[in-house]
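Dear colleague,

Please find below the structure that I am handing over to you.

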Amino acid sequence: MKIICIGRNYAAHAQELGNEIPESPVIFMKPDTAVLKGNDFYIPEFSSDVHYELEVVLKISKGGKYIQEENAGKYYDEIGLGIDFTARDLQSELKSKGLPWELAKGFDGSAVLSEFFPKKDFDLKNLNFSLLKNKEEVQNGNTSLMIFSPEKIIAFVSKFFTLRVGDLIFTGTPKGVSKVSENDELQAFLEDQKVFDLRIQ
């Protein structure tokens with residue numbers, strides 16, 4: 001299983017971090033060991049500035065390579081929500097040196113996943129999702145604000161990586177990312193349905 005992540009796919013989020021709006025999808029990856037087991041996230045000892053980033057996640061249901069955008073919808077049947085935890089201080093340090101920043105994105109437990117739901121149950125062009133931290137809303141996104149649609153993402157990614165059944169694609173986060181602290185509680189909602197409840201340790 002590959003975990004493919006899209007960076008800067010919401011203009012407001014790119015702007016809040018001082019990044020340019022990309023002309024094509026920004027890609028990074030997480031290993032399968034990044035998937036969090038259980039409902040507790042432990043802040044790693046190598047970072048003092050870990051940020052949450054809530055995202056819609058696609059689950060690939062059909063393998064393919066060089067997938068055309070108009071056919072890309074046939075390659076995933078389910079969606080869920082996920083958190084791309086990011087060690088922002090480590091990421092900034094690595095970026096300042098011109099180094100890859102997988103260490104800040106791919107560490108153990110950095111990929112939180114909800115269960116997956118049939119995509120046919122949702123309007124994927126107008127899908128609401130949100131994150132509460134300690135009962136207060138901190139992120140509120142809608143897929144209509146994506147720079148690159150799921151179909152564009154699948155078409156682009158499949159030029160470089162063969163997609164296989166079970167691969168996951170994190171599609172980018174809206175604005176509102178911020179630091180987590182010990183004892184925080186994060187709750188994610190897909191439309192009005194709570195899909196996970198996470199404790200920060």
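In this predicted model, the search for cavities of 30 Å³ or more gives a count of one. Rolling a probe the size of a water molecule over the atoms is what shows where empty space is left. The space in the largest cavity comes to about 40 Å³. Which residues line the largest cavity? They are Val56, Leu58, Ile79, Leu124, Leu127, Thr143, Met146 and Pro150. Of the residues in this lining, seven are nonpolar and one is polar, while none is charged.

The next topic is the sheet. Five strands form an open sheet with mixed pairing, in the order S3-S15-S14-S10-S11. Its edge strands are S3 and strand S11 (136-142), each of which pairs on one side only. In general, strands of a sheet pair through backbone hydrogen bonds, either parallel or antiparallel. Strand S10 (residues 128-133) pairs with strand S14 (residues 185-190) in the antiparallel sense, over five bridges. Lys133 has Leu186 in S14 opposite it.

Ser47 lies in the loop between strand S3 (40-41) and strand S4 (50-52). Is Ser47 buried or exposed? Ser47 counts as buried because its relative accessible area is 8%, and the cut-off for buried is under 20%. The side chain of Ser47 reaches the backbone nitrogen of Asp49 at 3.1 Å. When neighbours within four places in sequence are left aside, Ser47 is in contact with Ala87 and Asp89.

Yours sincerely,
A colleague

Definitions and conventions
Residues are numbered from 1 along each chain as its sequence is written. This is a predicted model: local features need pLDDT of at least 70, side-chain atom pairs count only at pLDDT 80 or more; totals for chains, interfaces and linings use all residues. Side-chain values use heavy atoms; hydrogens and water are left out. On a 1 Å grid over the protein atoms alone, a cavity is a set of points where a 1.4 Å probe fits but cannot get out, and a pocket is an open set with protein on both sides within 12 Å along at least five of seven lines; lining residues have an atom within 4 Å of a point. Grid points are joined across faces, edges and corners, and a volume is the space filled by probe spheres set on the points. Ala, Val, Leu, Ile, Met, Phe, Trp, Tyr, Cys and Pro count as nonpolar, Asp, Glu, Lys and Arg as charged, and the others, Gly among them, as polar. Helices (H or I, at least four residues) and strands (E, at least two) are DSSP runs, numbered from the N terminus. Buried means under 20% relative accessible area, exposed over 50%, partly exposed in between (1.4 Å probe, protein chains only). A polar contact is a pair of N or O atoms within 3.5 Å; within protein, one must be able to donate a hydrogen and the other to accept it, and residues adjacent in sequence count only if both atoms are side-chain atoms. Contact means heavy atoms within 4.5 Å. Two strands pair if DSSP finds at least two bridges between them.
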